[in-house]
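Welcome, and thanks for taking a look at this one with us. Please load the model first, then read the notes below alongside it.

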Amino acid sequence: MKPVPFTVIGGFLGAGKTTLLNRLLTQSSGLRYAVLVNDFGCLEIDAALVRSRSSETISLVNGCMCCTIADGFTRALTDVLARIDDFDHVVVEASGVAQPSRIIDIAKLEPELHANGVVVMVDSALVREHGSDAYVGDVVIDQLKGADLLVVNKASSLSTEGLAVVSRWLGGISGGTPMVECDYADVSLELVLGESCARSDVRRAKSYMSRERLSDNIAVESAFRTISLESTVCLDRSEFLAAAASLPSSVIRGKGLVRFETTPGELWLWQKVGLATTLSAVEESAAAGSRLVLIGTPEFAGCEGLELAELFHDCDN
Amino acid sequence: MTEVIRVFSARKIITLNNYCPRATHVAVRGTRVLGVGALEDLTGWGNYELDSRFADNVLMPGFVEGHGHTSEGQYWQHSYIGFYDRRDPDGRLWPGLKSIDACVDRLRLAEAELHESEQTLCAWGFDPIFFGDERMSVKHLDRVSAERPVLVMHASGHIINVNSEILRRAGFDRTTNITGVNKDSYGEPTGELQELAPQYRAQRVAGDPLTSVMSKAVLQSFAQAAVNAGVTTSTDLYAEVDDTSIEHYQAATKAEDFPLRLVPAMNALSLSVEDGIRRLDEIKQLNHDKLHFGICKLMTDGSIQGFTGRLKWPGYYNGRPNGIWHTPPETFMDMVDKFHAAGVHLHIHTNGDEASHLALDAIENALTNTPRSDHRHTLQHCQMADESQFRRMKALGTCVNLFANHLYYWGDQHVAHTMGLDRARRMDAVGTAVRLGVPVAIHSDVPVTPLAPLFTAWCAVNRRTASGKLLGADERVSVAEALAAITGGPAYSLHLDHLVGSIEPGKFADFAVLEDDPETVAPDALKDIAVWGTVLGGLAQRAASDT
């Protein structure tokens, strides 16, 4: 079986983690999430969606499962791994005082999982105050530094200038980590979790807006831009790496299977989340050539002027 | 009432009561004390049988361990390879090992005893601090076994060592670049693993040999360890309260000859606060003489020697970054507030002084919202509290249970690495607690350090590290104060002082039976007093010995 993506969601109390996790659990896209959370009590799951529950686990009719990890993470994780074939994605909520970078390491070591990035939710109005809190300031800053992607939530609660100040402050701490702004944690799951990247086919996609209904009163627009690249010949390895390193910061995630001129018989898996990229040899598959998918914010200009696109035959916006 | 009255005679009885401090006889009816004093003072109760088996012994109130874990009973299923001598529950003395090679030798013997080829060999108690620059590595553990997984837990609780077989199964090699997979100068993993992810992977491929499994046998083993140490009441200070665990507690303690009163503390995170409050009420209905549910344990931070305690400025002496909050402070404050409002009795683990500051803030906030008399919430370990924090404890009516054993087992390390000399001299300030009138107890946190209250009392009286260094002369307490801190002090912190902690009418006939007199031996020799065993509810229990 292919490794299941494993994403860690960090962020301080009130930053929007629970809102995001609620969305994952109650979505009807067919994706089966195993979600590990600190506290069941904060979740708002319609009773109609619940198939069964115990003091430690809630199973939903849509195939999702939620486990509590307040009392220790490893037991819930072991249970999930025992049933990993039942899930498409494992998402772990890291408390505001945990170290998400250490949690994601689990996926780097476990063959059944693949590390899908550390996403830190940020309460844009309060983050600077939290960052200088006497008790937790150091931990808040560490989490921001360790993030692969920052979700700047409650963006509309600040003025444009206010938001720019916070973004600059975040940039100074995190050093170039991509940031996405949203309200009510309504950031697109493609950006946050790389959902199209997680699918087994790397297939063509168009840029589009998808609408989710969070409740009867609120409809949410998720926005992202994806392009796909294809080539029938092998790529120059150093050119590829250089071009991949110079992708604009509006590109949040990427995934591809590529072949290189110097190693024609080998297939390589390239993955990007935020500033972190990995390149690893994978088993030979029947497909020929190289193909890649990039996902970015609406600001991402797509194939236009993209150095990486010039290395491929085809770039589909 | 036709219950027999038995009168025990002794060389001396140290009663720790407020009206007759020393006696020669104690009258017991059923499981409780009728009276204590001279024989002629007790005959008025009626016909009695004289039991003079302790005529040459010294009796004290049975010791109360206010911070222990029954997992001690489980640890001894594995190999002990610590630096210090340690006795197992069966009374066998395991000599301390003074070199890594000596650890290998002991493990090779243990390995030869294992029959199942798949079973992981586990060891505990190892501390590299004693071996200078030499670190344990796969080089050593592969000599124990090249095929069988071998896993060693460090005494600090934060590092493990594994052999090549576990590295191979886990997929750890020179290409592994994960924090916690320590490597040598050639870039090869040494087998030393830190941090959650590497340790989780290693334990998983080794068959999760260390999953804690509480059982009646584990509790019986722990109870025997208690008898060996003169302990008659002990906490199990991070208990699961699911139905199976409750059944084990009941099955063990209902046995008439079970030689210990258990006080399991519900792990506050095992359920939501609301469910936890309900569960506590449910399980309290099951209480009997040897089983006392009701207290609840919360944790703020980690440990100082593991660099996971939360410290105030200036932080760790060697510059390590500050430690880890167990729970977000805001959540912690809210939990304390809710439990306190529901009348729950809280025991709060706090090691660093930033952590104990938060604990005091939380208790203060809870009391402001819900005034409550005689709550006796207890700060556990509380190793770095300064005088200002002790004054807050006094003002808030909080108890403190100090980790006096750390002075010996980690004192030198605290001076050199974690706190520096100043803060080490004022650590575990039993003297200040007594001086300011904060109700105080001292503990072992078994199995972190051995269960041996007389040794813990010795630490509070002498404050000497393993190398003999004196840490804070003015924080030393008298023998009398130390003996109170292993009897009435912890009993009070557990709301059990009406039942145990001194020898007087109405309380359980629980005694520590000693070969020597703690009031007359040299204070330096307090730790060397041999324990004959205990009496629990009038029933004598002999310490296990390997002779």
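## Briefing

Glu195(B) counts as partly exposed, because its relative accessibility is 33% (buried means under 20% relative accessible area, exposed over 50%, partly exposed in between, with a 1.4 Å probe and protein chains only). This is a predicted model in which local features need pLDDT of at least 70 and side-chain atom pairs count only at pLDDT 80 or more, while totals for chains, interfaces and linings use all residues. Residues are numbered from 1 along each chain as its sequence is written, chains are lettered from A and ligands numbered from 1 in the order in which they are written, and side-chain values use heavy atoms, with hydrogens and water left out.

**Confidence**

- The predictor gives the complex an ipTM of 0.89 and a pTM of 0.92.
- Chain B has an average pLDDT of 96, and 99% of its residues score at least 70 (pLDDT is the predictor's confidence in each residue, from 0 to 100).
- For chain A the mean pLDDT is 86, with 90% of the residues at 70 or more.
- Residues 197-221 of chain A stay under 50 in pLDDT, and the model has 47 contacts beyond four places in sequence for them (contact means heavy atoms within 4.5 Å).
- Where pLDDT is low, the predicted coordinates should not be read in detail.

**Helix packing between the chains**

- Two packed helices are described by the angle between their axes and the distance between the axes.
- Helix H2 (residues 73-82) of chain A and helix H6 (residues 196-205) of chain B have axes that come within 12 Å and cross at roughly 55°. That makes H2(A) oblique to H6(B).
- Axes are lines fitted to C-alpha atoms, for helices over the stretch in contact, and angles run from 0 to 180 degrees between N-to-C directions. Angles under 35 degrees count as roughly parallel, over 145 as roughly antiparallel, 65 to 115 as roughly perpendicular and the rest as oblique.
- On the H2(A) side, Phe73(A), Thr74(A), Leu77(A), Thr78(A) and Leu81(A) meet Leu196(B), Tyr200(B) and Arg204(B) of H6(B). By class, this contact of H2(A) with H6(B) has 5 nonpolar, 2 polar and 1 charged residues (Ala, Val, Leu, Ile, Met, Phe, Trp, Tyr, Cys and Pro count as nonpolar, Asp, Glu, Lys and Arg as charged, and the others, Gly among them, as polar).
- H3(A) also packs on H6(B), at an angle of about 40° and with the axes 7 Å apart. That makes H3(A) oblique to H6(B).
- Arg102(A), Ile103(A), Asp105(A), Ile106(A) and Leu109(A) of H3(A) make the contact with Leu196(B), Ala197(B), Pro198(B), Tyr200(B) and Arg201(B) of H6(B). The classes for H3(A) with H6(B) are 7 nonpolar, no polar and 3 charged residues.

**Buried positions**

- Glu110(A) sits in the loop between H3 and S7 of chain A and is buried, at a relative accessible area of 4%.
- Beyond its neighbours within four places in sequence, Glu110(A) is in contact with Leu81(A), Arg201(B) and Arg204(B).
- Thr233(B) belongs to strand S15 (residues 231-239) of chain B and is buried, at a relative accessible area of 1%.

**Backbone details in chain B**

- Glu195(B), in the loop between strand S14 (189-194) and H6, has a positive phi of about 75° although it is not a glycine.
- Asp428(B) is another non-glycine residue with a positive phi, near 45°; its relative accessibility is 0%, so Asp428(B) counts as buried.
- A cis peptide bond with omega of about 5° joins Trp313(B) and Pro314(B).
- The bond from Val446(B) to Pro447(B) is cis too, with omega near 10°.

Methods: Helices (H or I, at least four residues) and strands (E, at least two) are DSSP runs, numbered from the N terminus.
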